[in-house]
Each structure stands twice: as C-alpha cells, then as structure tokens.
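Me: I'd like to go through the labels used for a protein model and ask what each one rests on. Could you show it to me and then take my questions in turn?

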Amino acid sequence: MSSIILNTLRRQCVSQFRTRLLQQSFLTTTSRGFHISPIACAPKPHQKDEFSHLEAAHSPDQFGTLSPQVDEPETPDEGDLKEEDFLQNIPAPGQKLSVRQYADLIKDHLKNNRIREALDVVEVRMKQDRVKPVNYHFNLLIGGCARVGYSKKAFQLYNKMKQHDLKVTGGTYTSLFNACAVSPFLGDGLKRANQLREIMLEKGYEPNESNYNAMIKAYGRCGELKTAFQLVDEMVARRLSIGTDTFNFLLQACISDREYGFRHALLVWHRMHRMRISPDRYSFNLLLRCVRDCQLGDLETTQQVIEQILSDSIGGNAKKQVPAIEEPSVEAIERTEEDNADQQQKLATIVTNRELTERLNHEGVPDLLSPQPHLGSLVRLGEVRKPEDRLLLLGGSSNVFAEMRRCGAEPDIRTITELLDVIPSTYAAEKQLLGTIKQLKLRCDIDFFNILIKKRSMRFDYDGAKDVLYMIEAANLEPDIVTYGVLALGCQTQEEARSLLKMMHEADVRMNIQILGAMLRQGCAKQNFRYVTEILQIVKRERLKPNEPFLRHLEEFGRVCEKRDREYDAKPRKRGRDEFKQEYNRYRMQLDAWREHMGLQGLALDQALGIVREHPWEQFKDPQAEGYEAVKNPKLRHKRKKQHSIRRVDVEAIEDDDDRGQGKEHDQTKEVKLAH
C-alpha cells in the first residue's frame, strides 16, 4: 500500500517537472522571434482586488499609482499644436532671406503705402522663417508708420525693439517724434512726446540736431509753442547748429496757433534776420500759410511786438553806423574806456530814436518782411482782419517776390498757390498773379486751378469758376477728382448737378461722398427739397457711406426747416405756406426712409457721427484689397504731377472787374485763347 502511494507521488512530481520544462522552453523560443499564438497570449480574466483603491493607495503592501489616470482631451491644446507645428515645420535653408532682402521687402511695401504688408514682414514672415529682426528693420517700420501718423504702432514697435535688446539709435528717436507730430490726435501725440523726452533724459541720451528739429516739429504741431521755443534756446545753449530747417519747424508751430500765430511768425522771421540765416522757398511758403490761417491776437501786444521788431532791426544798424557819425578828435582819444562806452551808447540811442521815428512816419505800404521793416502809412492794426490785410503788412505780393529774390529763393507753383489764397478775391488780383506766373516762367499744375475754382465759388462767382475749365484745357491739363469737388460748390440747381455728374460719368470718374456733400450744401442753402432728396437717393443708390459734414448739413437744414414751419404755424395766412408744408412733409417722409436704410433712424447727431466716423488707423489694420490702384500701378502714384507752362494762356483774355461791371457779353470772355 505504501509503495502504491509512493509511486503515485513520484509520477505527479515527474509530470510537474516536465510541465515546467515545457514552459521554460516555450518562453525561450518566443524571445528568439517565433510567433506566439493569440490563444496563448489571451489575457486572463480580471480578478477583483481584495482592497479598494483608497486602501491600496495608502497600503505599504500594494504598488499604487502616482496620480489618477485622466482621459485624453478631445480638443488638443492650442499651445501644444503650435509647439508641434514649430518642431515639425522647419523652414528650408533656401526659404530664409538675408537682412538686406527683408529690408528691401519692407521698403517696397512702404513705398507703395502698404503699411499692413510691411508690418507683416517682421511680425509674420520673419517669424515663420525663424529669423530675428535687427534694429534696421524696426527703424524702417517706425519711420514708415511715422510718415502716415500711425503713432500707436510706431511706439509698439519701439517697445518690441527694446524687448529684443536691440540698440535704439538717434534715427529711432527722430522717427518717433515725427510720429507724434503727424498723429491725428494732438493730445495723444503731445503725451507720447513728453514720455519719450523723459526716457531720453533718464537714459542720459544727448539729442543731436535732427532730434531737436523733430522735437520742435512735434511740440509745435501739437500746439505746445512754449516748449518748441525752449528747445531752440536749448540748442543755442549747447552750441548746436541752427539752420533754416529749425526755423521752418518753428513757423509750422506758429501756424498751429490760429489766434496769435501771425505775431509769433513775425518774431521768428526777424530772428532769422538777426542770426543771418537766409530763408528758403519753404520758409516763404510757410509764412504765407501763416498769413492765411492765423490772426494778430491782442492788438496792444501785437503793437508792442512790432515796435520791438523795429527797434531790434534799427539797433543792429545803429551799431554799424556809430563809428562813421563824426571824426574822432584828440580829446576823444584821451578819454577812458568807460567814457567811450557811454558815448557809444548815447550815439546809438540817438540814431535808434531818429530812425524809429522815420520808420513810424514812413509813407507808403507797410513792410514787415524785409530786414529794415517799417509800418508805412498804416493807421490802425484794428483794421487788419482778413488775409489780404495781413499780406499788406508784409508789403504785398510784389514785396514777397522781391524779398525772395534778395534771399536767393526761387518761387515755385506752391508759392503761387499759397499767394492765391491770400490775395484779394477780385479778378484784377487774379489776373495780376497769372501775369506773374507768365513772367517767372513757372509751370502750373492742376492744384493751382482747383484753388482758383474754389476761390471764385466761395465768392459766389460760379460762372467765373466754370471759366477755369477752359484755362485747364488751354494749359493741356486734365481735371482730377478735386476739380469736380470744387466745381460741385457751384451747382445751385438740380440741372447743374446732373450736368456735372454726367460730365464725371463721361470722364469715367466715380462720384464720392465729398462731391455729393458739396451739392447737398448748395441744396440746403437754396432750401430746395427736391434737390436735397435727389442727393439722398444718389447716396443710397451708389451705396456710399455719409461722412460727418454730410450729416451736419442735414441736421442744420432740419433746424432751419423746423423754424420756418413754426413761423408758418404762427401765421397761417402767410404766403407760400401750403406749398412749403406739402414739400416739407414729403421731404421728411423720404428722409426718414433714407435714415432707416442707412441705419441712422432715431439716432441723435452725436450718435450718428459716432457710427459714420472712421478711425484714421483702421486703414492700416487690413491688407490692401486686390486691384487697388497703388498696387497695380505703383509707378504712376509716384510719378510727378503733370505740369505745363501757363505761358500758353493769354492772360489778357481774362476779364477784370471793370469789364464785368460794364456789362460785357459773357460769351466773349468765356473762352481763354491761346497765345501765339
């Protein structure tokens, strides 16, 4: 019995031993690369753990996990996608450009006024190419933004430049101050200029002449004249060179002060004379602009300024004339140095008082332009109110040309155009100016004739404004969009407006809201409801967006009509009441429909202006549309404006005031003949 049990146990041990050998050989062959049966690899059924997850996590006998298992998110993280894209999409070596090539791309876009595309070169293209921009690229972009007044972006680029640890040069500061000067928001420009100036002081940077000129330009255009003049004094204290450009920027500062600018301009002009700095053509053009836009200010203070100008100019001449007054005697040679100084001062005072009296009693036209100014036969400064009166204080247009010849400055057509704005609004003055153009052999452009049309339209000489079209044709020039805009000022009736629109259609010139606004102004002035209604229908049909002046004309016209309506209600028997009521009610119905179509129904004027008012920087946030003219023909945009000589125009064919007063036939003076 015992033997049977032992044999049974022996057989079980042998079978278990064989099973273990087979398992070891199976695992060995599997590791050497043999195929494993799916049945052999099938997972065993899951056995339930005796412990819960919480107990297993804190049990020393169980091997748990460091963190709970979380399912992968359905939407991948944006940062992970960018990182993966950055690691996988490595740019090819040939894709990268050189520093100069990137700069050439930026220059090409800026040349064609494509600001958004120029910015994308650094912000998109170079980032994709994994090329780090240098300070030259940033300086190009800052200068381009500064020229168009995009001051916000210019300073953002300046901050990025500092973040990249790039060197900020003097040209960078100059461009940033130019951005402040050209900014459409004067308050923001002044604030940024002050902050930039504080940064320069903190860094211990000493501005150069270009920086000072840019600062003077920025503070002057932003209306901070006191700071602009202080900067010039600072240049003198630092013994920096002060040239004509510096005084030109000061004249720009004077133009920004509409109330006292002319007085400041006189001081700046004679300061140039005392420093023996010769004004150039741009100086005269800026002075004429100041004559047009600026007033004298307080008359008493202006009188004191003029007397100071006269005294300073006489004092300089008196010092030169003192040694030649009398021959020195033996007693004079034996005097002390103090006695000599006293004598010189007394003689200079005598000469100054005598010449000042002569200049104050001078007969003829005043002359405050030349280095030896005088008031001529001027009675009172209170009579100087209009631009032509202020021009007479400078001696008139003839004295301006004479002073330009003395200073060696050649007048150009811009000078003539500025003079056209300040001469008396008469045919005689315009004829004399045209004769001067012929004498100087200048070449006219279309801008000069546009100003001439506007000047005649503003004095309600609409027939004379139309005559300028014949002068444009005789000068072999073509009207531009501005020409049609100033011609629209003379469209008093619907027929005239339709005729002008037909002329524009034949010339393939698309109307804009500015031209229609000029026509609307005439319709509102004439209180022609049908005329105003037709303009509104054209705006609706052409899908034009009304601008601020357009809505202001409508608002003012509505107030005038309401006042007239109340007057008719107070006097029911007044003549013309029924006709007005009928036309006015029809107009209000059509105006309401137009406002609803434009999305302006029920809005006050300020709210409507907020909708139609365009931000000046919106145009730089989007790329230019395909087919934009500046993109298709970049050379034409930079081509010099077409000019032809005015010598071909027969000035004698232009009628003067006397001829018009004698009742000459209009057809005889309408055509401007060519001179043979």
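Predicted model: local features only at pLDDT ≥ 70, side-chain atom pairs only at ≥ 80, totals over all residues.

Me: Thanks! What makes residues 513-525 a helix with a number?

Reply: Helices are DSSP runs of H or I with at least four residues, strands are runs of E with at least two, and both are numbered from the N terminus. Residues 513-525 form helix 27, with 13 residues. The expected span is 1.5 Å times one less than the number of residues; helix 27 reaches 18 Å from its first C-alpha to its last, close to the 18 Å expected. After helix 27 comes Gln527, which has a positive phi, near 55°.

Me: Why is helix 27 called largely enclosed?

Reply: Because 10 of its 13 residues are buried. Buried means under 20% relative accessible area, exposed means over 50%, and partly exposed is in between, with a 1.4 Å probe and protein chains only. Among the buried residues of helix 27 are Ile513, Leu516, Met519 and Cys524. The cover over them includes helix 24 (462-474), helix 25 (481-487), helix 26 (494-506), helix 28 (529-541) and helix 29 (548-570).

Me: And what makes helix 21 largely enclosed?

Reply: Eight of the 10 residues of helix 21 (residues 413-422) are buried, so the rest of the structure largely encloses it. Ile413, Thr417, Glu418 and Val422 are among those buried residues. Their cover includes helix 15 (281-293), helix 20, helix 22 (427-440) and strand 1 (443-444).

Me: How do you know whether Glu403 is buried or exposed?

Reply: Its relative accessible area is 4%, so Glu403 falls in the buried class. Glu403 sits in helix 20 (residues 396-407). Contact means heavy atoms within 4.5 Å; leaving aside neighbours within four places in sequence, Glu403 is in contact with His273, Phe284, Leu369, Ser370 and Pro371. Pro371 is 32 residues from Glu403 along the chain, with 9.5 Å between their C-alpha atoms.

Me: Which class does Asp578 belong to, and why?

Reply: Asp578 counts as exposed because its relative accessibility is 55%. Asp578 is part of helix 30 (residues 577-598), and its C-alpha is 9.1 Å from that of Tyr568, 10 residues away in sequence.

Me: What makes Lys466 and Glu496 a salt bridge?

Reply: A salt bridge is a side-chain nitrogen of Lys or Arg within 4 Å of a carboxyl oxygen of Asp or Glu. In Lys466 and Glu496, the closest N and O atoms are 4.0 Å apart, and the pair counts as a salt bridge. Lys466 is in helix 24 and Glu496 in helix 26, 30 residues apart. Both are partly exposed: Lys466 at 37% and Glu496 at 27%.

Me: Which other salt bridges link helices?

Reply: One of them joins Glu583 and Arg530, at 3.1 Å; Glu583 is in helix 30 and Arg530 in helix 28, 53 residues apart. Arg530 is partly exposed, at 46%. Another joins Asp565 and Lys581, at 2.4 Å from N to O. Asp565 lies in helix 29 and Lys581 in helix 30, so this pair ties together parts 16 residues apart in sequence. Asp565 and Lys581 are both buried.

Me: How many salt bridges does the rule give?

Reply: The count comes to 33. Arg116, Asp120, Glu123, Lys153 and Lys160 are linked in a network of salt bridges.

Definitions and conventions:
Residues numbered from 1 in each chain as written. Heavy atoms only, no water.
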